[in-house]
Amino acid sequence: MIFWDKSSYTLYLIRPQCRLNFTCTGKCVMRKNVISCRTIQFLLFMAILLPCNTLPVHALDNGLAKTPPMGWNSWNCFAQNINENQIREIADSMVSTGMKDAGYFYLNLDDNWMATSRDANGDLRADPTRFPGGMKALGDYIHSKGLKFGIYGDRGLKTCHHLYGGGFGDTKSGSYLNEERDAKTFASWGVDYLKYDNCEPAPGSNMQQDYERMQDALADCGRNIVFSICAWEFQPWMPNTGNLWRTTTDILNIWKKTNQWSWGILDIVDLNEPRAPYAKPGAWNDPDMLQIGNYGNGSPKDEEYRSHMSLWCIMAAPLITGNDIRKMNQVTRDILLNKEVIAVNQDSAGIQGTKIKSSNGCDVWCKPLGSKDGDNKAVALFNRNDNTRDITVNFSDIGLSGEVQVRDLWAKTDRGSFSGSYTMTVPPHGTGLLKVSHKEIVSISSAGSRRLINGKQFKTRLYHGMLIVTPFSSNICYSVRVFTVDGKMVATVLEVANVCKLPINSKGIYVVCVSNSRLTERSAVSYN
């Protein structure tokens with residue numbers, strides 16, 4: 001496509017399959033190389049004849065978002081009504097409530113942070129009334145809390161609120177053909193995350209090309225910025241362009257849709273699930289933000305919010321909350337801050353879980369943990385029905401056999417060892433979330449008395465009936481399980497942050513399993 005922008009005297013030649021772009025503004029620029037305008041006819045001719053396979057499209061590999069991004073976004077609870085003091089209070093609350101410690105690092109401003117016009121230099125600027133300190137100062141405050149700063153933009157001529165809010169005129173708040181300028185502006189403010197929307201496309205523009213131009217601009221802006229594509233649907237080119245991409249329309253704060261224009265939690269799940277093969281570390285299917293805690297007329301019930309979290313975690317979806325975290329009740333805290341549930345989402349293998357069986361409104365989902373063919377799995381037992389159901393996972397369906405250990409992640413309880421299958425009673429619209437793995441099999445010689453074992457991350461010793469586990473590094477959250485040699489668990493402690501001490505009451509040989517989100521170390525100790 002050849003496009004002449006007479007307002008800026010710029011000539012654009014764009015080949016969508018090849019990502020080939022020329023611009024001419026008195027001088028002609030191809031990437032960073034200056035080309036004389038005298039050669040433009042030759043370049044146009046060659047561009048038309050050049051085979052596309054000589055200019056391959058490279059997959060996005062910016063080293064960011066190796067696990068699904070976690071954070072907060074302003075839209076679901078505040079919509080366009082955002083201001084500087086409010087956002088600072090949210091930053092404070094992300095720290096004081098434990099959200100940051102749980103992994104929610106991104107604080108993302110959505111639409112309407114910007115003024116209704118660009119400045120005299122053509123740069124985006126903050127609304128001077130609602131954000132009098134400007135974006136740089138706000139970003140500095142967010143960073144001072146140990147958080148990351150996210151912002152909103154649009155590929156078109158203006159943002160969605162400026163388009164549909166009425167009375168704004170030609171605000172030029174979109175980034176169309178201003179991608180490099182705006183990316184550098186974002187970088188100068190310390191932005192770490194860009195949500196890039198899809199409103200008011202320019203006449204004759206192309207969605208893929210618009211997003212790819214911003215991808216390139218972010219790559220050249222001098223700062224690492226996660227790129228979140230918000231185009232309300234999935235397209236096959238998106239995994240090569242963004243770190244995450246919306247697979248669905250906007251999620252509403254309802255359980256399921258009531259008409260063709262409203263989409264609830266249940267509907268979004270079914271739209272997102274088929275895209276699982278595209279997910280991997282650094283590239284995620286995004287079924288939109290979390291609605292958990294946004295109580296109101298017609299909003300989901302607590303059990304439905306818990307399913308919301310369970311299914312987003314099993315699908316390796318970004319966990320971007322959208323509630324007013326300054327006012328969270330205990331149920332909301334318990335859902336959003338469950339570290340064992342979050343660990344399923346943040347598993348380093350980056351495999352999106354899928355529905356492996358569905359019958360009579362009862363789903364079984366499985367997400368491999370650690371590796372595709374490993375022995376650790378997360379299993380979601382999802383009840384779509386309006387009444388309580390018993391749902392069974394057959395271990396052969398998830399690649400396990402023999403004795404299998406089952407842990408209930410919401411109850412934070414080990415359910416024991418089972419053969420063949422495990423059945424759970426699940427309430428209406430509820431989801432049981434389990435971690436299942438092969439039973440520990442340990443063979444130890446009776447002469448294998450060991451009092452001190454040094455692993456890679458932990459030191460384990462048994463002294464006068466007291467088991468002592470010491471991490472070699474600080475700020476490691478880990479769990480300890482103690483087994484007899486025949487596999488019976490005799491003690492467990494979860495979410496330990498410092499030295500762990502456990503009394504051992506009976507003499508004998510024990511197996512100690514110390515684990516965190518990345519590894520499990522096993523050792524044998526003897527109490528004589």
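# Exercises on a predicted model

The axes of helix H7 (residues 179-189) and helix H8 (residues 207-219) cross at roughly 45 degrees and come within 9 Å. This is a predicted model in which local features need pLDDT of at least 70 and side-chain atom pairs count only at pLDDT 80 or more, while totals for chains, interfaces and linings use all residues. Residues are numbered from 1 along each chain as its sequence is written, and side-chain values use heavy atoms, with hydrogens and water left out.

**Exercise 1.** Classify the packing of H7 against H8, and state which residues meet.

*Solution.* Step 1: axes are lines fitted to C-alpha atoms, for helices over the stretch in contact, and angles run from 0 to 180 degrees between N-to-C directions. Angles under 35 degrees count as roughly parallel, over 145 as roughly antiparallel, 65 to 115 as roughly perpendicular, and the rest as oblique. The angle of roughly 45 degrees therefore makes H7 oblique to H8.

Step 1: the crossing of H7 and H8 is right-handed. A crossing is right-handed if the near helix is turned clockwise from the far one by less than a right angle, and left-handed if anticlockwise.

Step 2: Glu179, Glu180 and Ala183 of H7 meet Asp210, Arg213, Met214, Ala217 and Leu218 of H8. Contact means heavy atoms within 4.5 Å.

Step 3: sorted by class, these are four nonpolar, no polar and four charged residues. Ala, Val, Leu, Ile, Met, Phe, Trp, Tyr, Cys and Pro count as nonpolar, Asp, Glu, Lys and Arg as charged, and the others, Gly among them, as polar.

**Exercise 2.** Is asparagine 108 buried or exposed, and is valine 493 buried or partly exposed?

*Solution.* Step 1: asparagine 108 lies in strand E7 (residues 106-108). Its relative accessibility is 2%, so asparagine 108 counts as buried. Apart from neighbours within four places in sequence, asparagine 108 is in contact with Trp72, Asn73, Ser74, Phe149, Gly150, Tyr193 and Ile320.

Step 1: valine 493 belongs to strand E26 (residues 489-496). With a relative accessible area of 24%, valine 493 is partly exposed. Leaving out neighbours within four places in sequence, valine 493 is in contact with Ser479, Val480, Cys500 and Leu502.

**Exercise 3.** State how many helices and strands the chain has, and what share of its residues is buried.

*Solution.* Step 1: the chain has 12 helices and 29 strands. Helices (H or I, at least four residues) and strands (E, at least two) are DSSP runs, numbered from the N terminus.

Step 1: of the 528 residues in the chain, 53% are buried.

Key:
Buried means under 20% relative accessible area, exposed over 50%, partly exposed in between (1.4 Å probe, protein chains only).
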